[in-house]
Amino acid sequence: MKSLLSNLKISVPDKIYIKDPETSKLGKRIIEHSILLIDEIGFDSFTFKKLGVKIGSNESSIYRYFESKHKLLLYLTSWYWAWIEYQMVFATFNMPDAKQQLFKAIDVVTKTIEEDLTFSHINEIVLNRIIINEYSKSYLTKEVDSENKEGYFVVYKRMIKRLRDMIININSKYKFPSSLASTIVEGALHQHFLKSHFTSITDCNDDVTPADFFKELTMNTITK
């Protein structure tokens, strides 16, 4: 799969950025160090001025790529979901058994992330922590409806629709496939958060993964 991914560019909606950061060394450094800095100090404390100090560049140079830190977060989250989507597609391609295909997709969207060396400037393990801790800040805004119309969340929605279609393949009469698919994706982030911070209110631990929980929940739900 890594050899296949190396021939693909992770596509992010172009309205999110002013200049594609993948097209220059500075752009890639902005992405690399923004991930590390957000993980270190949190998105609320993150500023382009602090990022500029980290990369040894003027704050104004970062604004040539992104008009705000909100747009940068949208870029990072869109990149992450596109990366997950690619893995889902390759992992389930030509898999004839519908249940096996769905379970593999659930594995992909709920797993503990390992670093993908295909993208040397992005630490996917650290980015995953940002998604778990900060993703909701990308859409819990007053601008969410207009940004949705502009296509900022198209990658995220497309990935959930792929999962929804796999649910329908098992039970086309199930009434809530989209709700279940989005619950799996969002719920997995929440379970990983609970596993790290509120262990007393989750059954996920070193032996029980979010994938175990959501596979059982899904099959019990759609095969009644």
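Reply: **The aromatic cluster**

Seven names to start with: Trp79, Tyr80, Trp81, Trp83, Tyr135, Tyr139 and Tyr156 form one aromatic cluster. A word on the source: this is a predicted model, where local features need pLDDT of at least 70, side-chain atom pairs count only at pLDDT 80 or more, and totals for chains, interfaces and linings use all residues. Residues are numbered from 1 along each chain as its sequence is written, and side-chain values use heavy atoms, with hydrogens and water left out.

Searching the whole structure turns up 14 aromatic pairs. Rings of Phe, Tyr and Trp (for Trp, the six-membered ring) pair if their centres lie within 6.5 Å; planes under 30 degrees apart count as stacked, over 60 as edge-to-face and the rest as tilted. Take Trp81 and Tyr156: their ring centres are 5.4 Å apart and their planes meet at 50°, so this pair is tilted. Trp81 sits in helix H5 (residues 69-92) and Tyr156 in helix H9, so the pair ties together parts that are 75 residues apart in sequence. Helices here are DSSP runs (H or I, at least four residues), numbered from the N terminus. Trp81 and Tyr156 are both buried, with buried meaning under 20% relative accessible area, exposed over 50% and partly exposed in between (1.4 Å probe, protein chains only).

Then there's Tyr135 with Tyr139, an edge-to-face pair at 5.3 Å centre to centre and 65° between the planes. Tyr135 counts as buried because its relative accessibility is 3%, whereas Tyr139, at 24%, counts as partly exposed.

Back on helix H9 (residues 154-170), you'll also find Ile160. Its relative accessibility is 10%, so Ile160 counts as buried. Leaving out residues up to four places away in sequence, Ile160 touches Ser178, Ala181, Ser182 and Val185; contact means heavy atoms within 4.5 Å. Ile160 and Pro177 are 17 residues apart in sequence, with their C-alpha atoms 9.8 Å apart in space.

One more ring deserves a mention, that of Phe43: the charged end of Lys69 sits over it, 4.7 Å from its centre. That label requires NZ of Lys or CZ of Arg within 6 Å of the ring centre and within 35 degrees of the ring normal.

Last stop, helix H11 (residues 210-222), which holds Thr218. With a relative accessible area of 0%, Thr218 is buried. Its contacts, again skipping residues up to four places away in sequence, are Leu102, Ile106, Leu180 and Ile184. The side chain of Thr218 also reaches the backbone oxygen of Phe214, at 2.6 Å.

Definitions and conventions. Helices (H or I, at least four residues) and strands (E, at least two) are DSSP runs, numbered from the N terminus. A polar contact is a pair of N or O atoms within 3.5 Å; within protein, one must be able to donate a hydrogen and the other to accept it, and residues adjacent in sequence count only if both atoms are side-chain atoms.
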